[in-house]
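Thanks for coming. Please have the structure open while I talk.

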Amino acid sequence: DHGNAPSGAGYEYVVVPATTSTAMGALAADYTNAATTPYEVLQRNTTAHVVQWKPDGRIGYALFRTNSLAAAVTNAGPLRAVNQPCLIMTQPTNALLWLTVVNPDLNLINNVSSPTNVDVTLAGKWSIAAGPTNATILSGTASATVVRCQTVHGLPEEVLLAPGGKVTPVLTSLTATAIYQGQTLADSSLS
């Protein structure tokens with residue numbers, strides 16, 4: 001019993017849709033040991049909630065403030081900073097990086113959702129391999145790249161990034177989807 005006003009306490013929960021009692025039993029057993037838990041909470045405070053999915057390295061960020069992220073977050077993934085509160089997901093795939101950016105603030109002006117620019121600073125030099133035309137590289141050095149995504153209506157913007165600063169050909173959606181699903185550009189199914 002935590003009482004009415006717990007101090008220094010926290011909680012987390014997992015939603016598992018379309019499961020069975022057998023699968024839930026196995027999942028519950030995984031949670032008894034930190035080494036077998038399928039995710040790790042990297043940060044949980046008033047700045048951000050950040051969780052890494054261990055099987056594929058995907059990291060989900062709920063960023064409430066733009067100030068600095070915990071060392072555990074910056075050591076685990078590429079995100080370094082944002083210019084406003086937002087939701088971000090990163091997933092490394094075949095030396096590429098999927099970046100998904102959402103601004104859940106509809107930015108209503110006269111009851112109409114208006115576009116906002118979310119600037120995301122990532123460690124390293126990246127170029128856009130595929131993505132919407134409203135995603136651009138604002139700046140890039142060997143140590144950091146700033147990607148700007150214009151968001152509207154609370155919808156996600158997905159960008160596929162390639163390492164290095166060289167101009168990369170834009171990939172077709174079929175190729176980008178195949179890369180996301182774990183295939184490589186050398187796979188014959190992509191020709």
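A residue is called buried under 20% relative accessible area, exposed over 50%, and partly exposed in between, with a 1.4 Å probe and protein chains only. By that definition R44, at 44% relative accessibility, counts as partly exposed.

Now the background. This is a predicted model, in which local features need pLDDT of at least 70 and side-chain atom pairs count only at pLDDT 80 or more, while totals for chains, interfaces and linings use all residues. Residues are numbered from 1 along each chain as its sequence is written, and side-chain values use heavy atoms, with hydrogens and water left out.

Salt bridges come next. The term means a side-chain nitrogen of Lys or Arg within 4 Å of a carboxyl oxygen of Asp or Glu. How many are there by this rule? The count is three.

One of them joins R44 to E12, with the closest N and O atoms 3.1 Å apart. R44 is in strand 1 (residues 39-44), and E12 is in the segment before helix 1 (21-30), so this pair links distant parts of the chain, 32 residues apart. The names of these elements follow DSSP runs: helices are H or I with at least four residues, strands are E with at least two, and both are numbered from the N terminus. E12 is partly exposed, at 45% relative accessibility.

R58 also forms a salt bridge, with D56, and here the closest N and O atoms are 2.7 Å apart. R58 is partly exposed at 24% relative accessibility, and D56 is partly exposed with a relative accessible area of 24%.

Then there is D119 with R148, whose closest N and O atoms are 2.7 Å apart. D119 belongs to strand 9 and R148 to strand 12, so the pair ties together parts 29 residues apart in sequence. D119 is buried, with a relative accessible area of 14%, while R148 is partly exposed at 26%.

That takes us to the sheet. Strands of a sheet pair through backbone hydrogen bonds, either parallel or antiparallel. Two strands are said to pair if DSSP finds at least two bridges between them. Here, four strands form an open sheet in the order 4-9-12-11, with antiparallel pairing. Which strands stand at the edges? They are strand 4 (79-82) and strand 11 (135-140); each has a single partner strand, so one side of each is left without a neighbour in the sheet. Strand 9 (residues 116-123) and strand 12 (residues 144-151) are joined by eight bridges, and A123 has A144 in strand 12 as its bridge partner.

T145 is also in strand 12. Is T145 buried or exposed? It is buried, with a relative accessible area of 0%. Counting contact as heavy atoms within 4.5 Å, and leaving out residues up to four places away in sequence, T145 touches several residues, including V120, W126 and I137.

Last, strand 6 (residues 96-102). Seven of its seven residues are buried, so strand 6 is largely enclosed by the rest of the structure. L96, W98, T100 and V102 cover one side, and L97, L99 and V101 the other. Strand 5 (residues 86-93) runs antiparallel to strand 6, joined by seven bridges, with Q91 opposite W98. Strand 6 also pairs with strand 13 (residues 157-163), in the antiparallel sense over five bridges; there, V101 has E157 as its bridge partner.
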